Amino acid sequence: MAAGGTALAGLVAFGLFSVGCSTGGTGTRDEGPAGSQPVAQITQQPSPSGTTPPVRRVDAVRLLKSDPKVGERVREGLKPCAGKAYPVDTSYGSMTGGRTADVVVNVMSCADSVSVGTYVYRADDEGSYKNVFAAEVPAVYGTIDRGDLVVTTQVYGSKDPLASPSGSEVVTYRWASDRFTEHDRVHNDFSRAVEGTDGDLPVQSEPVAPDPADEPAQPGRN
């Protein structure tokens, strides 16, 4: 009987262990705390920060008017063209490695929409903007291209109309030693072969009605 009791106790213990393991999908850890077992947790990883500095919008007109490097001619022409709209284009981007995005400002004339000045402003550690580049020549325009400053100037001959320059100069500047230095220069000469008046173009003949005899025969017609 002692041997039979021992066997019966073993069967009961095995039955209880089997019931505990069948509870839930993780075995006996569903019953009570998990103890010192490490628990996997899903944490949201912060996205890697980019290299582009934050953009801080500026009042470009106010910036120009308070800049002593802006020429008197450009300053006098800096007036609204229609209503309260000033002829000013503003671009933001990273060129000088500052904490805040640099600002490129192009000033145009209201009469012919030709840019008369390009300026670059860089923010210092205190948040004030400093003029680090200025070009005041007719038909000049500055842009930001992959961290470089690209300044394009139209080239005019003595008889060139405003809408038809003879060529262009494209100069690429890079920031080095706290200033912009010329990195590349491209000169373009524009062709005059496609230009001309309406009289130079071939005269288009009037449309002629097709001859019925030339029409293709259709089924069912004699």
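Colleague: Which side chain does Asp 148 make a polar contact with?
Modeller: The side chain of Arg 174, at 3.2 Å. Keep in mind that this is a predicted model.

Colleague: Okay. Where is Asp 148 placed?
Modeller: In strand β6.

Colleague: Is Asp 148 buried or exposed?
Modeller: Buried. Its relative accessibility is 12%, and the cut-off for buried is under 20%.

Colleague: What else is Asp 148 in contact with, leaving aside neighbours within four places in sequence?
Modeller: Met 95, Thr 143, Thr 172, Tyr 173 and Arg 174.

Colleague: Which strand does β6 pair with there?
Modeller: Strand β7. β6 covers residues 148–155 and β7 covers residues 167–176. The two are antiparallel, with 7 bridges. As an example of who faces whom, Thr 152 is opposite Val 170 of β7.

Colleague: And how many bridges join β7 to β8?
Modeller: There are 10 of them, and this pair runs antiparallel too. β8 spans residues 179–189. Ser 168 has Asn 188 in β8 as its bridge partner.

Colleague: How many residues lie between the strands in that hairpin?
Modeller: The hairpin of β7 and β8 has 2 residues between its strands. Ser 177 takes a positive phi there, near 55°.

Colleague: Let's zoom out. How many helices and strands does the protein have?
Modeller: 3 helices and 8 strands. Along the sequence the pattern is α-α-α-β-β-β-β-β-β-β-β.

Colleague: Tell me about the open sheet. What is the strand order?
Modeller: It has 4 strands, in the order β1-β2-β3-β4, and the pairing is antiparallel.

Colleague: How many bridges join β3 to β4?
Modeller: 6 bridges, and β3 covers residues 115–123. In one of these pairings, Thr 118 has Ala 135 of β4 as its bridge partner.

Colleague: New topic: cores. How many residues are in the largest nonpolar core?
Modeller: 15 residues. Those with the most contacts inside it are Leu 64, Val 88, Val 105, Val 107, Tyr 119 and Tyr 121.

Colleague: Which elements give two or more residues to it?
Modeller: α2 (60–65), β2 (102–108) and β3. The largest share is from α2, with 4 residues.

Colleague: What is Leu 64 in contact with, its neighbours within four places aside?
Modeller: Val 70, Arg 75, Leu 78, Val 88, Val 105, Val 107, Tyr 119 and Tyr 121.

Colleague: How many residues does the second core have?
Modeller: 12, and this core is separate. Val 104, Val 120, Phe 133 and Trp 175 are among them.

Colleague: How much of the whole protein counts as buried?
Modeller: 25% of its 222 residues.

Colleague: Last one. What share of contacts links residues 24 or more positions apart?
Modeller: 37%, counting the contacts with a separation of 6 or more.

Technical notes: Residues numbered from 1 in each chain as written. Predicted model: local features only at pLDDT ≥ 70, side-chain atom pairs only at ≥ 80, totals over all residues. Heavy atoms only, no water. Pairing = 2+ DSSP bridges. Core = buried A, V, L, I, M, F, W, Y, C linked by side-chain atoms within 4.5 Å. Buried < 20%, exposed > 50% of the residue type's maximum accessible area, 1.4 Å probe, protein only. Contact = heavy atoms within 4.5 Å. Polar contact = N/O pair within 3.5 Å; in protein donor to acceptor, adjacent residues only side chain to side chain.
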